[in-house]
Amino acid sequence: MTGEQLYVSHAPVDLDLVQDLFSTVRNFPVGVHVALEEVESGRSRKRLEGRIANSNVVVAVLTERSADSRWVNQEIGYALAKGIPVLPLYTDADLRGGFLADDEGVRIDRDDLSRTVFELLCRLRRELAPLGALSVPNWYIQFTCTSARCTHPVVLELEEDQSKLWKLHEHGKLLSVSCDDCGTTYSFDPATIGYVHREPAVQ
């Protein structure tokens, strides 16, 4: 992963849902541009064309409230015209119309957002996979150690494929990484790569 960009098209009323779904995706070294956040930051709708044009993938969040949105439909059409893959993320399969009708996409399960985030990560890893023999792209998260008086960078490498990560999740196993400087250990949910807890180094 080297600077991939995602653009998330959605209805304004779905912003909270979008932020929940993409909160852990933002932990990866991927630029995540959420439409309404971009507009609220003072960027004009016209400038969003550049965000879409420079994206590796556009994710269209399709709910009952967004499927008929002119902005969402225009952003999907613009991305497809530029040859950018569009991944539908939907609450109901019937919302995948037009050019997205045949794309399986990812169904949003509001009762199990962890599963939805897992499926979203599955698709993103496939879409952003490097060309060639590598079947699992080099996905990782990097953060600064939060232990007292330590600001050392910590990197959690994701070498497992998605099916292995889901099995770990089902068995209640966590992914862990330790700070090389102070030894503090951080644990993450394998399905969502969401932070769970940290444990200080054993003295």
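Colleague: Which residues line the largest pocket?

Modeller: In this predicted model, the lining is made up of Asn 27, Ile 141, Gln 142, Phe 143, Thr 146, Tyr 186, Phe 188, Ile 193 and Tyr 195. The space inside comes to about 150 Å³.

Colleague: What makes a residue count as lining?

Modeller: An atom within 4 Å of a pocket point. Strand β6 (139-144) and strand β9 (185-188) each supply at least two such residues, and β6 has the largest share, three residues.

Colleague: Switching to the interior, what makes a set of residues a nonpolar core?

Modeller: The residues have to be buried and joined through side-chain atoms within 4.5 Å. The largest such set has 41 residues, and Phe 22 and Leu 89 have the most contacts inside it. Helix α1 (residues 15-22) gives this core its largest share, five residues.

Colleague: What does Phe 22 touch, leaving out residues up to four places away in sequence?

Modeller: Val 8, Val 32, Val 59, Leu 89 and Leu 120. There's also a second, separate core of 14 residues, including Ile 52 and Val 72.

Colleague: Where does pLDDT stay under 50?

Modeller: Over residues 131-137, for which the model has ten contacts beyond four places in sequence. For the chain, the average pLDDT is 87, and 90% of the residues score at least 70.

Terms used: Residues are numbered from 1 along each chain as its sequence is written. This is a predicted model: local features need pLDDT of at least 70, side-chain atom pairs count only at pLDDT 80 or more; totals for chains, interfaces and linings use all residues. Side-chain values use heavy atoms; hydrogens and water are left out. On a 1 Å grid over the protein atoms alone, a cavity is a set of points where a 1.4 Å probe fits but cannot get out, and a pocket is an open set with protein on both sides within 12 Å along at least five of seven lines; lining residues have an atom within 4 Å of a point. Grid points are joined across faces, edges and corners, and a volume is the space filled by probe spheres set on the points. Helices (H or I, at least four residues) and strands (E, at least two) are DSSP runs, numbered from the N terminus. pLDDT is the predictor's confidence in each residue, from 0 to 100. Contact means heavy atoms within 4.5 Å. Buried means under 20% relative accessible area, exposed over 50%, partly exposed in between (1.4 Å probe, protein chains only).
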